Amino acid sequence: MDETTIETMNEIKDNTEQLLRTSTIDNPVQTRELLQKLEASLPIAVRLNEHGFNSLREQGKNINNDIVLQVNSVLYIGDMGGILCAIECEMGSDSGKEVLMTSITHLKIDPSHPLAEQIKQYQKKRLVSMAIADSGACD
């Protein structure tokens with residue numbers, strides 16, 4: 001990762017507690033716990049799910065959907081993106097390596113990973129909470 005990317009990620013990490021306290025989508029306690037476990041487990045092998053693959057393709061990033069990628073860093077960016085994952089990958093012979101940022105909801109985790117079930121639950125809860133927020137419905 002280049003210095004600018006590292007600096008930006010560190011600034012966001014400094015704001016994590018404030019973002020967690022003001023979140024209307026994620027449970028702050030559960031999300032903080034998952035973030036800590038994810039950081040302790042890095043790197044984590046993942047694949048893009050359909051949403052992640054389509055999102056990156058729309059940004060002009062051509063990644064083979066079958067390739068196993070590695071999450072090298074995680075951070076929390078609040079309600080807009082939740083847990084964000086930094087993935088360094090090859091972008092082709094001309095481009096070299098590039099750091100891609102994507103929401104953890106756009107990733108598939110190997111089911112044998114010790115955090116797979118906890119990640120899957122976070123993804124499911126977040127997607128439901130986002131759908132409710134987008135519909136304008138209240139509890």
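This is a predicted model: local features need pLDDT of at least 70, side-chain atom pairs count only at pLDDT 80 or more; totals for chains, interfaces and linings use all residues.
Start with the hairpin, then. Strand 2 and strand 3 form it, with six residues between them. Look at G78 in the turn: its phi is positive, about 85°. The two strands pair in the antiparallel sense, over five bridges. For one of the partners, take Y76: it is bridged to I83 in strand 3.

What is the strand order? It reads 4-3-2-1-5, an open sheet of five strands with antiparallel pairing. Strand 4, residues 97-103, and strand 5, residues 107-109, are the edges; each pairs on one side only. From one strand to the next, the twist averages 45°.

Strand 1, residues 44-48, runs antiparallel to strand 2, residues 69-76, and three bridges join them. There, V46 has L69 of strand 2 as its bridge partner. Something also packs on the sheet. That is helix 3, residues 28-41. Helix 3 touches strand 1, strand 2 and strand 3. Its direction makes about 145° with that of strand 2.

On to strand 3, residues 83-90. With strand 4, strand 3 pairs over seven bridges, again in the antiparallel sense. C85 has its bridge partner in strand 4, namely T102. One general point while you look at the strands. In a regular strand, side chains alternate between the two faces of the sheet.

Last stop: I25. Where does I25 sit? In the loop between helix 2, residues 16-21, and helix 3. Is I25 buried or exposed? Its relative accessibility is 14%, and the cut-off for buried is under 20%, so I25 counts as buried.

Which residues does I25 touch, leaving aside those up to four places away in sequence? D79, R126, S129, M130 and A133. Pick out S129 from that list. I25 and S129 are 104 residues apart along the chain, yet their C-alpha atoms are separated by 5.6 Å. D79 is on the list too.

Note on methods
Residues are numbered from 1 along each chain as its sequence is written. Side-chain values use heavy atoms; hydrogens and water are left out. Two strands pair if DSSP finds at least two bridges between them. Helices (H or I, at least four residues) and strands (E, at least two) are DSSP runs, numbered from the N terminus. Axes are lines fitted to C-alpha atoms, for helices over the stretch in contact, and angles run from 0 to 180 degrees between N-to-C directions. Contact means heavy atoms within 4.5 Å. Buried means under 20% relative accessible area, exposed over 50%, partly exposed in between (1.4 Å probe, protein chains only).
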